[in-house]
Amino acid sequence: MRSTLLFILMVAFGLSTSAQKNKYKLNGYGVELSVLSIKPNLRMWVTKNTGFEFFAGPAADLENFKPDDLEAGFKFLKTVQYKRTDRTYIGLMGKWRWVDVYDSNRSTSLPVPGIFVGKEWYSKRIKRKGFAIELGYQYAVKEYEVFSPLNHLPIGTELFEEFPLILNFRYSLYKKKK
């Protein structure tokens, strides 16, 4: 956990100097549809090659498709190929997942790291719009205790496994920041 925090701080401070030199800043608000979740998000391209994204929203499990979980996190994006109408990027994701939030007898939380590749296309006809597809891998497994609702004593354990495939479809409205 400390090494992850140190990495984030190093990247953030390293980008602040390059972001001041480059006048390419793009902010986008959008929605991301995943295999088991839908999340609003904020994506910021601080340079032509580097970006961040913050997201949060409801999620579901493979066993039950009820959206009774919550997740929030961030993505670090690095462009591999850039053109005016599209870009290909790789990214690192870190999110926090709250499992069975509305059921206090069997709820838990855990971190979920991931890595992915994405492709984003831009349309500038009316407004700056972006469509993106992301494909990658994430991993999280946790065994946690289930408590009795009557006397709050442990009555068993459950195993939570995060769906390992990252398959996201994004739609964003961008605004160039000066």
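What share of the contacts in the chain between residues at least 6 apart in sequence join residues at least 24 apart? The figure is 55%. Keep in mind that this is a predicted model.

Start with the layout. The chain has 1 helix and 10 strands.

Now the surface. The chain exposes about 11,000 Å². Carbon and sulfur atoms supply 65% of that area.

The nonpolar one covers about 790 Å². Its members are Val 31, Leu 33, Ile 38, Trp 121, Phe 131, Ile 133, Phe 169, Tyr 171 and Leu 173. S10 gives the largest share, with 3 residues.

Leu 33 sits in strand S1. Its relative accessibility is 45%, so Leu 33 counts as partly exposed.

Next, charge. A patch of positive charge on the surface brings together Lys 48, Arg 84, Lys 124, Arg 128 and Lys 176.

Where is Lys 48 found? In the loop between strand S2 (38–45) and strand S3 (50–59). Lys 48 has 37% relative accessibility, and therefore counts as partly exposed too.

To recap: one nonpolar patch with S10 as its largest contributor, and a positive patch that includes Lys 48.

Definitions and conventions:
Residues are numbered from 1 along each chain as its sequence is written. This is a predicted model: local features need pLDDT of at least 70, side-chain atom pairs count only at pLDDT 80 or more; totals for chains, interfaces and linings use all residues. Side-chain values use heavy atoms; hydrogens and water are left out. Patches are made of residues with over 30% relative accessible area and no salt bridge: like charges are joined within 9 Å, nonpolar side chains (Val, Leu, Ile, Met, Phe, Trp, Tyr) within 5 Å. Accessible areas come from the Shrake-Rupley method with a 1.4 Å probe; for residues, only the protein chains shown count as cover. A salt bridge is a side-chain nitrogen of Lys or Arg within 4 Å of a carboxyl oxygen of Asp or Glu. Lys and Arg count as positive and Asp and Glu as negative; His and the chain ends are not counted. The place of a charge is taken as NZ of Lys, CZ of Arg, CG of Asp or CD of Glu. Helices (H or I, at least four residues) and strands (E, at least two) are DSSP runs, numbered from the N terminus. Buried means under 20% relative accessible area, exposed over 50%, partly exposed in between (1.4 Å probe, protein chains only). Contact means heavy atoms within 4.5 Å.
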